[in-house]
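This briefing walks through one structure, topic by topic, for a reader who has the coordinates open alongside the text. The points below are grouped so that residues and elements that belong together can be inspected together.

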Amino acid sequence: MRALALASTVGLSVIAFTMLAGADEGRDGDERALSQNDRNINAHARNAVAEGRQIFRFDTFGSEAFFGDALQLHKAIAGAKNGGVGPGVSPKTALAVGLKVDADALPENLKAQIKAGKVNLDDPATTLALLQLNAVVGLTGKFDQSGKIQSLGAQCALCHSQVDDSFAPGIGKRLDGWANRDLNIGLIVSLAPNLKPFTDLLGVDEATVKKVLTSWGPGRFDAILDKDGRAFRPDGGQAGTLIPPAFGLAGVNLHTWTGFGSVPYWNA
């Protein structure tokens, strides 16, 4: 949970550097006319954008310790036929709960097979194959040498990226920084084989934990449930907060989404 709460730290920095680098080149024209120092600054800005993009898309911040080691969510995704538990999570199910697929990570032959209807989108094994391709936006599977999934981590992009649906609904080019308001993170977490971290925290049974997690609905996430142990608002309503975008917040310094710090602060 903490990894997701911290996930928005990078987004605004990436976008700000992009704007800065573009503005510098627009004002100065041909970069070859710039001084060496100015060219170094531009190069540094471009490198920072590239590094920020990599972190935003692929750094799990050690969240495997929670999603994998503690919740064992990867086992629920794999299903019993693939060394996990339960029925598993097929691509159709994954898309239905708001997960997105990066079309640029798919090989061309695979795209052709999907379009021809030759890929089984009802098979959890296909979801595992997409994870091995790093094609599931915001999730990284950890696999052993035999190809069996061992753990699962999450990135900033899980909650703060969308796709443009250019290939199919839920499958397309990345839109980094866009809030994923389709994502039902509570429902996804509720599928985990081991909810003991939550039952111990809240002092309730597993059925109550699942009621709490599924109460958020799509596009919402309670980032401080694991800190204050409060499942619902004082009025009894769900306590999930609307997932914010990670862009468009330059100069917005005094608003809070999570209760323990503003998104502009984390992005900066």
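In helix α3, the residues that count as buried are Asn42, Ala45, Ala48, Val49, Gly52 and Phe56. The model is a predicted one, and its chain folds into 14 helices and eight strands. Of the 268 residues in the chain, 47% are buried, and among contacts between residues at least 6 apart in sequence, 60% join residues at least 24 apart.

- An α-helix has 3.6 residues a turn, so residues three or four places apart point the same way.
- The buried set in α3 includes Asn42, Ala45, Ala48 and Val49, and it also includes Gly52 and Phe56.
- Phenylalanine 58, which belongs to helix α3, is partly exposed because its relative accessible area is 30%, a value that falls between the 20% and 50% cut-offs.
- Leaving aside residues up to four places away in sequence, phenylalanine 58 touches Asn134, Thr140, Gln155 and Arg174.
- With glutamine 155, phenylalanine 58 forms a pair that is 97 residues apart in sequence, although their C-alpha atoms lie 5.9 Å apart in space.

- With a relative accessibility of 39%, phenylalanine 61 counts as partly exposed.
- Asparagine 134, also a residue other than glycine, has a positive phi near 55° and is located in the loop between α8 and β2 (139-143).
- The relative accessibility of asparagine 134 is 33%, so asparagine 134 counts as partly exposed, and Asn134 is among the residues touched by phenylalanine 58.

**Glycine 79 and its surroundings**

- Glycine 79 is placed in the loop between α5 and α6, where its relative accessibility of 1% means that it counts as buried.
- Not counting residues up to four places away in sequence, the residues that glycine 79 touches are Gly84, Val85, Gly86, Pro87 and Gly88.
- Glycine 79 and proline 124 are separated by 45 residues in sequence, while in space the distance is 6.8 Å from C-alpha to C-alpha.

**The largest pocket**

- The volume of the largest pocket is about 260 Å³, and 23 residues line it, with Pro91, Ala94, Leu95, Thr127 and Leu130 lying nearest its centre.
- Three helices, α5 (73-78), α6 (91-96) and α8 (124-132), each contribute at least two residues to the lining of the largest pocket.
- By residue class, the lining of the largest pocket consists of 19 nonpolar, two polar and two charged residues.

**Enclosed cavities**

- Across the whole structure, a search finds three cavities of 30 Å³ or more, and the second largest cavity holds about 50 Å³ of space.
- Phe67, Leu73, Leu99, Leu139, Leu152, Ala154, Leu158, Ile185, Ile188 and Val189 line the second largest cavity, which gives a lining of ten nonpolar residues with no polar and no charged ones.
- Both β3 (149-154) and α10 (185-190) supply at least two residues of the lining of the second largest cavity, and α10 provides the largest share, three residues.

**Cysteines**

- Zero disulfides are found in a search of the whole structure.
- Cysteine 156 takes part in no disulfide, and the nearest cysteine sulfur, that of cysteine 159, is 9.5 Å away, whereas a disulfide needs a pair of cysteine sulfur atoms within 2.5 Å.
- Cysteine 159 is likewise in no disulfide, since the nearest cysteine sulfur is that of cysteine 156, 9.5 Å away, beyond the 2.5 Å cut-off.
- Cysteine 156 counts as buried because its relative accessibility is 0%, and cysteine 159, at 3% relative accessibility, counts as buried too.

Key
Residues numbered from 1 in each chain as written. Predicted model: local features only at pLDDT ≥ 70, side-chain atom pairs only at ≥ 80, totals over all residues. Heavy atoms only, no water. Buried < 20%, exposed > 50% of the residue type's maximum accessible area, 1.4 Å probe, protein only. 1 Å grid on protein atoms, 1.4 Å probe; cavity = no way out; pocket = protein on both sides within 12 Å on 5 of 7 lines; lining within 4 Å. Points joined across faces, edges and corners; volume = space filled by probe spheres on them. Helix = DSSP H or I, 4+ residues; strand = E, 2+ residues; numbered from the N terminus. Nonpolar A, V, L, I, M, F, W, Y, C, P; charged D, E, K, R; others polar. Contact = heavy atoms within 4.5 Å.
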